[in-house]
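Student: Please pick a single part of this model and take me through it closely. Start with the surface of the whole chain, then zoom in.

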Amino acid sequence: EFGIIYRGDLPTHFIKHNGTNSKARLMVKAIMKNEEKVVDPYDLVFDGQRYLAIIRDSSGNEMARELIEHLGVIYKLEDGTNIDNIEYEKPCYIVGEDLIQPISIVFVFLQDDAKKNYDEVKKMSHSTFGIPSQCIVKFLKFESRPDQYCSNIALKINTKLSNSSNKARAWKTLYKVPGSEDVSGIPWRSEVPTLVLGFSISHGLGEDSKSIIAGHVALDPGCMQFAQAVSIQTKSDVINKEIMWDLTQTL
């Protein structure tokens, strides 16, 4: 469950502490310079390697950032008391629950294409929260081809949002669309029933002696859902004929 949270003193959770039900705000218990401090979640920053806390003045303006050595969870009651031993907690919503929709996807704008930042985003979105994510970063090499980059991002978003009620499409691959005479699209794919397969090969760096071959087959008419199979061969830029045959039969 996700609550609608704003920076400030608004409560985020209903909690039970020592048998008493209360409203509280979720906070971060941080160890900084060997001293324990309570930090608002909106003042928590991750720079790709470490967590930092934003230090503000009485007017709310940022003054500095301090390295956080250890993180924990603590709750701040409406009277300002901080507690960390609770018996029960449930998010509370600022708006009516009928207005809240599940989060479908999270967009993350990265300052650069550093792998460590990307890995942290995917770890948080997939393992911690279970929400699809899409990273967007302005690569210099794509500045001359913005349409191609944006098209690639849009295709990925369609794939991640595809479900039983929102069927994304990459191409029209149906032989005949039920109830429709429209068979437009890439001509040869709409003329006859077509099986869409894809293969790729990658190598390790340096003296690595292996190549990894990945095969994919489209499972839906829109070429958005795929099954995969993987094999390994001696390092080469050409896929071994027997491996190609085995992967094709498997798919």
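Tutor: The accessible surface of the protein chain is about 17400 Å². Carbon and sulfur atoms hold 53% of that surface. (The areas come from the Shrake-Rupley method with a 1.4 Å probe; for residues, only the protein chains shown count as cover.) This is a predicted model: local features need pLDDT of at least 70 and side-chain atom pairs count only at pLDDT 80 or more, while totals for chains, interfaces and linings use all residues. Residues are numbered from 1 along each chain as its sequence is written, and side-chain values use heavy atoms, with hydrogens and water left out.

The protein chain has 251 residues, and 25% of them count as buried. (Buried means under 20% relative accessible area, exposed over 50%, partly exposed in between, with a 1.4 Å probe and protein chains only.) Four helices and 14 strands make up its list of elements. (These are DSSP runs numbered from the N terminus: helices are H or I with at least four residues, strands are E with at least two.) Now take contacts between residues at least 6 apart in sequence: 50% of them join residues at least 24 apart. (Contact means heavy atoms within 4.5 Å.)

Now zoom in on helix 1. Helix 1 covers residues 115-129, which makes 15 residues. Just after the helix comes Gly 130, with a positive phi of about 65 degrees.

Which residues of helix 1 are buried? They are Asn 117, Glu 120, Val 121, Lys 122 and Ser 125. Their cover includes strand 4, strand 5 (51-56), strand 10 (106-110), strand 11 (133-137) and helix 2 (146-161).

Follow one piece of that cover, strand 11. Five of its five residues are buried. Both of its faces are covered. Ser 133, Cys 135 and Val 137 sit on one side. Gln 134 and Ile 136 sit on the other.

Strand 11 has a partner in strand 10: the two run parallel, joined by five bridges. (Two strands pair if DSSP finds at least two bridges between them.) Val 106 stands opposite Ser 133 of strand 11. Strands of a sheet pair through backbone hydrogen bonds, either parallel or antiparallel.

Strand 4 (44-46) is part of the cover of helix 1 too. The loop between strand 3 (35-39) and strand 4 holds Asp 40. Asp 40 counts as buried because its relative accessibility is 10%. Its side chain reaches the backbone nitrogen of Tyr 42 at 2.8 Å. (A polar contact is a pair of N or O atoms within 3.5 Å; within protein, one must be able to donate a hydrogen and the other to accept it, and residues adjacent in sequence count only if both atoms are side-chain atoms.)

For an antiparallel example, look at strands 12 and 13. Seven bridges join strand 12 to strand 13 (residues 210-218). There, Ile 201 has Ile 213 as its bridge partner, and His 203 has Ser 211.

Methods:
The expected span of a helix is 1.5 Å times one less than its number of residues.
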